[in-house]
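Biologist: I'd like to go through how the labels on this one get assigned. Could you take me through them one by one?

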Amino acid sequence: MTGAAPILRVDRLCAAYGLAQVLFEVSFTLARGETIALTGRNGAGKTTTLKTIMGLLRASGGSVSFLDEDVTRLKPFEIARRGLGYAPEDRRIFTDLTVDENLEVGRRAARGGGAGFTPDVLFEIFPNLAEMRHRRASAMSGGEQQMLAIARTLMGNPVALLLDEPSEGLAPVIVDQMAEALLRLKAQGLSMVLSEQNAEFAAAIADRAVLLEKGAVRFVGPLGDLASADWF
Amino acid sequence: MDASFLVAQLLTGLASASSLFITASGLTLVFGVTRIVNFAHGSLFMLGAYLAVTIVPRLLDLHYSLPMFALGALAAALIVGLIGVAIELILLRRIYRAPEIFQLLATFGVVLVVQDLVIRIWGPLDILGPRAPGVPRSVEILGQRISGYDLVLIAVGPTILGLLWLLMRRTRFGVLVRAATQDREMVGALGVDQAKLFTATLFVGSFLAGLGGALQIPFKPAQPAMDIAIISETFVVTVVGGMGSIPGAFLAAIAIGLLQAFGALIIPESTLVMAFLLMAVVLVVRPWGFLGKPDAHLGARTAIEGVKSLTPLDATGKAVVAIALVAGATLPLWSDAYGLKVAIETLCFALAAFALNLLIGVGGMVSFGHAAWFGVGAYAAGLLTVKLGLHMAPALIAAPLIAGAVAAFIGYFIVRLSGIYLAMLTLAAAQLIYALCFQWVAVTGGDNGVVGVWPAEWAAARAVYYGLTFLLCVAAIWLLRRAIHAPFGYALRGARDSHLRAEAVGIDVKGQRLAAFALAGAATGLAGGLYAFSKGSIDPTLLSIPMSIDFLAMVLIGGVQTLFGPVIGAGLLHAAKDFIMPLTDLWRTWLGLTIVALVLAFPQGVLGGLAQWRARFARSRKP
């Protein structure tokens, strides 16, 4: 994966909540078609890293470039429109809206005039959703909501995805379905950064790991080199 | 009372409900998406009425028909929609992340500007619009004569509800609006340009306000004061229905329309009181209204940054306070009578504003109805003197006690809420008291108020009365300051910054807040009592919305982060009003523009801005 030019380059990224700095010069790159697992304990800065890349939190230092463009100071919607999709940790599904309507909010035309994702294509990847198109999202299970959150982001036809803890709080059988779905997306050439605490899940999908500790990168490399003790 | 009469009353109620819903649906839509309580919504309604009385007759001259009338109303609404877009682009866009007190003040600045604009363009007199062609003046139903236009309105309300339902369910815009109502930050992260969505929402919301105004011209004239009247009613509908919920607004409008129609049968003077009583009851039982939801994701909402650190006065501060006290105490020696009059009023306002900042800056409770306590104090003092023949001294003792008791009673319901719902309930409570004073003519004198509230003989001389006011206000401010520096004040600030953590360390948050409410109410009541005796009269403007806004503006000008800022703010605002009002007809415009400019330029207030500037200066001098 190292041969391809990176599509996402995070360079010495810093971020703070008020006066408390939480990210300290976080750097890593994501190559086209690659999947990175962003790992580390609770509070290590995984969610903050993804939010800062997405522009939801202002970077206090460093830069993020996406597809050879500096996106550090752009607004979230501008970053999303350039092809970076984001599915947040707590899913943030629009619970008052139906499945179809949630997908509609995420819809953006495909880059380069291709066919792109449609609800029907997504229902093939996430079969559970197909049966509840007109159901309000508030009446869905956690696993279904998580799938909807990812499907909603895919409606924007992103080049790369930031997924925050996609397996968190899901039943084991649903985790397997999720892994399968993400592997299909990977096979289609989508690049992904997934923040993950589930080692098995990450190992099944990711090519490399970036280990965060106290807001700084502690290790970058193959998942196999990460001792299981480093995960939790 | 026979059945047919009740049916007639029902239809009247439904007609006013329909008309109210059209305007309120716009306000609730705008609030849902932008989270801004847009005071200027009433101004947009007023502009709709004025534009309609201008446009519709001209169109009817071309062709006298109902479609022409409808076309004129729609044209007026369309223009108002565009005005709303302009307001969004120029002002709202810059304050989406500001605390709600600034948003409220800024949109109220727009209200002031529009009031002047309307008088300048259309003059101060009422303008009645044409009747709708082809609509019978009255229709006989069950032997009762019902206005034909009422029946039209009854049909229009549900039609608008249906159209809005289609807009919200069947269009991409509607889906985005509903999504943004729930979580606007996430909508942005999915690639939706919020700015455009907000502009479009403002267009639709303003269009509805304009339409509401335009449709009422056949039975209510366009007049300069209609903006404040409608905004309080639409606030009630919006809050009772659940802020952001259009079907909720519909239900609430019907509830209020019927309550007013039938309430008026029992007590004719109770219509205003009924609406606000309903709102108060609903907020107590269901704080989020009929169909509203507790705020889940508010995006990056900025809470109000209140008084952060309490430092004892340094040498400079002590010197400034000493000079101010000496200057104040010796004022009668070197000022003329007019100066003393202004100084008395300023002192009263300063005490009220200081007390308001105890709630806002220290307690984190943004009260939109602070004039209520000022007015209760004034009315208590005035009525006791004039109606019961009490002397000034007992009346001045009663004023803070009664205001404090009323504030404690109402505060009991208010302190259970937070954020925008707390603010709305304070507004409702204030309007309830306003309505009581306005409509209970036999006791309060209604709109005219009561005259003859004169000080006791020993205090009749202006200099003596000034001395009394100076003494009492300074003492009250000093006591409040002591309370803020006591553990009581620390507990309030703790509860302001983290309600849960404060409770977890054993602070009775509700109890402390209630005590703060009663204390602030009592202090403000004293200010109101003193003010009443200085004026010699009381009237409902003392507890009206503009008065509450004045107090908020004083706090804003002085800065919520400083204890004495509001005192300075009171002085600046009152002096400026006193100075500017006689010079120009456009004083509202200047005040409005000043408020808007202040909100945009000094979100920390003038003293807060000065303190920041001083800190920066000190830092730059360090090596």
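Biologist: Why is B:D183 called buried?

Modeller: Buried means under 20% relative accessible area, exposed means over 50%, and partly exposed is in between (1.4 Å probe, protein chains only). B:D183 has 2% relative accessibility, so it counts as buried. This is a predicted model, where local features need pLDDT of at least 70 and side-chain atom pairs count only at pLDDT 80 or more, while totals for chains, interfaces and linings use all residues. Side-chain values use heavy atoms, with hydrogens and water left out, residues are numbered from 1 along each chain as its sequence is written, and chains are lettered from A and ligands numbered from 1 in the order in which they are written.

Biologist: What makes B:D183 and A:R92 a salt bridge?

Modeller: The rule asks for a side-chain nitrogen of Lys or Arg within 4 Å of a carboxyl oxygen of Asp or Glu. For B:D183 and A:R92, N to O is 2.7 Å, so the pair passes. The pair crosses between chains, going from helix α6 (residues 172-189) of chain B to the loop between β6 and α3 (99-106) of chain A. Helices here are DSSP runs of H or I with at least four residues, strands are runs of E with at least two, and both are numbered from the N terminus.

Biologist: Is A:R92 buried or exposed?

Modeller: Buried, because its relative accessibility is 8%. Salt bridges that share partners also join A:R92, B:D183 and B:E185 into one network.

Biologist: How do you know that B:E88 and B:R93 form a salt bridge?

Modeller: Their closest N and O atoms are 3.3 Å apart. The two ends get separate labels: B:E88 is buried because it sits at 0% relative accessibility, whereas B:R93 is partly exposed because it has 35%.

Biologist: And why is A:E69 called partly exposed?

Modeller: Its relative accessibility is 31%, so it lands in the in-between class. A:E69 forms a salt bridge with A:R82, with the closest N and O atoms 2.8 Å apart. That pair links distant parts of the chain, 13 residues apart: A:E69 is in strand β5 (residues 69-70) of chain A, and A:R82 is in the loop between α2 (76-81) and β6 of chain A. A:R82 is partly exposed too, because its relative accessible area is 29%.

Biologist: How many salt bridges are there over all chains?

Modeller: The count comes to 20 by this rule.
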